[in-house]
Amino acid sequence: MTVSSPPQRTDVLVVGAGPAGSAAAAWAARTGLDVVLADAATFPRDKTCGDGLTPRAIAELELLGLGDWLSTHPRSRGLRAHGFGQTLHLEWSEGRGRKAAGNLPAYGSAVARTELDDHLRTVALKSGALGVDGARAISVRQEAGRVRGVTFKGAEGTFEIECDRLVVADGVRSPVGKMLGREWHRDTVYAVAARSYVDSERSDDEWISSHLELRDDSGSIVSGYGWIFPLGGGQVNLGVGTLATAKRPAEVQLRPLMKLYADQRRADFGVSGELRMPTSALLPMGGAVSGVAGPNWMLIGDAAACVNPLNGEGIDYGLETGRLAAQLLTEESDLSAAWPALLTDHYGEAFSISRRLAGLVTVPWVLPKLGPIGMRSPWMMRLALRWMGNLITEEDRDAAARLWRLAGKGSQRLDARPPFA
Ligand SMILES: Cc1cc2nc3c(=O)[nH]c(=O)nc-3n(C[C@H](O)[C@H](O)[C@H](O)COP(=O)(O)OP(=O)(O)OC[C@H]3O[C@@H](n4cnc5c(N)ncnc54)[C@H](O)[C@@H]3O)c2cc1C
């Protein structure tokens with residue numbers, strides 16, 4: 001239910017109704033807690049994104065009960081990787097041997113965020129959360145480190161909602177996180193990316209496509225990739241992303257690069273017409289933030305930099321951290337150490353090794369030298385898809401999963417600043 005006059009207090013206040021906040025609100029409300037889900041925007045609202053849903057995101061959406069809804073949207077079998085003279089078709093389920101026990105769905109999808117986020121928010125409200133939209137959080141009232149309430153600015157003026165617990169799900173820039181001391185560290189890899197919508201003859205393609213050999217107008221290889229994610233109805237999400245670090249900032253102009261990429265795809269993807277709604281954004285990745293929790297508050301989703309450094313996906317992590325946060329709220333009275341520990345347990349190894357590998361890609365000679373070698377080996381690319389696509393589950397015991405965990409542990413030992421620290 002969306003309310004016209006906001007409540008004065010609640011057990012759990014969730015700020016931000018993207019995938020992370022809506023998932024947290026839905027799961028928390030389902031445990032019987034009073035939940036308020038507040039957002040600065042009025043829904044439906046757009047969000048700069050590739051709109052791609054990997055099997056891990058599908059798994060979370062199914063857990064929330066959205067299986068039937070998903071079946072009315074495009075399904076992808078896997079990733080079609082293009083580049084360095086090769087095209088490889090990599091099924092989502094490929095490379096998952098007998099010992100890969102974790103049962104992730106074998107399909108992905110893509111749903112425009114205007115629709116996905118509105119639907120997820122509705123699920124949270126139907127689960128019992130109270131929705132307050134058009135309300136921007138502008139300050140936090142704290143006593144001895146505990147959050148007592150958040151002040152919002154809405155159309156009618158300012159008002160405070162008192163809360164026992166606060167879940168901060170306010171995205172990349174996390175203004176509320178900042179008020180609580182969140183810091184984003186750019187010494188490890190982050191991304192800048194742009195997306196648009198465009199007409200394409202391949203809008204019903206059963207593969208999502210990535211072009212790993214992305215070239216700028218001078219013909220130089222850019223450390224990133226271009227994507228085309230089919231949305232059905234004659235439309236695709238087309239975008240480009242590039243990786244950077246504080247030492248090697250991205251020097252590329254994203255929107256011209258996206259236009260160039262679209263022009264290059266006019267023949268093979270039947271791309272036609274103008275790019276619609278072009279927007280760009282930054283992506284903190286791999287847990288590169290500190291200050292993710294206090295006694296009665298926690299950061300989730302992008303606010304906690306829970307984005308895969310190797311492919312930029314964050315919807316699945318948003319949904320997962322939302323569910324994990326709601327669960328922890330029922331188990332722990334002090335979140336200060338428990339939440340970073342849980343995040344590190346779930347994502348520490350994978351984020352540590354992924355951001356190290358992604359950081360390597362920002363070194364100018366690495367992609368031109370290693371890209372062609374990788375693309376010549378379908379076996380290596382299948383392995384890479386599983387690692388890069390966050391497709392290793394905790395239950396997996398096969399060689400690829402064990403190697404990934406080993407590399408993650410080794411990488412953690414070398415980290416000057418571990419994820420979430
Ligand atoms: C170009 C690009 C392409 C991407 N492509 C993909 C992809 O294909 N697949 C994928 O999985 N991920 C992708 N991502 C990442 C993905 O978009 C994010 O990881 C995901 O949106 C994180 O969800 P969230 O709920 O944490 O934050 P968000 O979705 O950003 O939601 C945050 C919410 O907080 C609200 N908010 C902010 N400030 C305040 C405030 N002060 N008060 C109240 N409310 C506030 C906002 O209005 C917003 O609704 C991409 C990102 C970019 C930039």
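Where is the place of Pro 44? Pro 44 sits in the loop between β2 (35–38) and β3 (52–53), and we will come back to that loop below. Please keep in mind that this is a predicted model. The briefing starts with the ligand, moves on to a pair of helices, and ends with the backbone of the loop.

**The ligand and its shell**

- The ligand has 36 residues around it, and those that come nearest are Asp 39, Gly 50, Arg 113, Ala 137 and Asp 302.
- By residue class, the shell around the ligand holds 18 nonpolar, nine polar and nine charged residues.
- Five elements each supply at least two residues of this shell: helix α1 (19–30) and the strands β9 (136–143), β13 (190–200), β15 (224–232) and β17 (271–284).

**Backbone contacts to ligand nitrogen**

- Gly 50 places a backbone N or O atom 2.7 Å from a nitrogen atom of the ligand.
- For Ala 137, a polar backbone atom is 2.9 Å from a nitrogen atom of the ligand.
- For Gly 312, the distance between a polar backbone atom and a nitrogen atom of the ligand is 3.3 Å.
- As for cover, the ligand taken alone exposes 1,000 Å², and the protein buries 93% of that.

**Helix α8 against helix α11**

- Helix α8 (residues 335–361) packs with helix α11 (residues 399–414) at an angle of about 80°, and their axes are 8 Å apart.
- With that angle, α8 is roughly perpendicular to α11.
- On the α8 side, the residues that meet α11 are Thr 344, Gly 348, Glu 349, Ala 350, Ser 352, Ile 353, Ser 354, Arg 356 and Leu 357.
- On the α11 side, their partners are Trp 404, Arg 405, Ala 407, Gly 408, Lys 409, Ser 411, Gln 412 and Leu 414.
- The residues of this contact divide into six nonpolar, seven polar and four charged.

- Phe 43 and Pro 44 are joined by a cis peptide bond, with omega about 0°.
- Asp 51 lies in the loop between β2 and β3, and its phi is near 70°, a positive value in a residue other than glycine.

Methods
Residues numbered from 1 in each chain as written. Predicted model: local features only at pLDDT ≥ 70, side-chain atom pairs only at ≥ 80, totals over all residues. Heavy atoms only, no water. Near = heavy atom within 4 Å. Polar contact = N/O pair within 3.5 Å; in protein donor to acceptor, adjacent residues only side chain to side chain. Areas by Shrake-Rupley, 256 points an atom, 1.4 Å probe, with all protein chains shown as cover. Helix = DSSP H or I, 4+ residues; strand = E, 2+ residues; numbered from the N terminus. Nonpolar A, V, L, I, M, F, W, Y, C, P; charged D, E, K, R; others polar. Axes fitted to C-alpha atoms, helices over the stretch in contact; angles between N-to-C directions. Parallel < 35°, antiparallel > 145°, perpendicular 65-115°, else oblique. Contact = heavy atoms within 4.5 Å.
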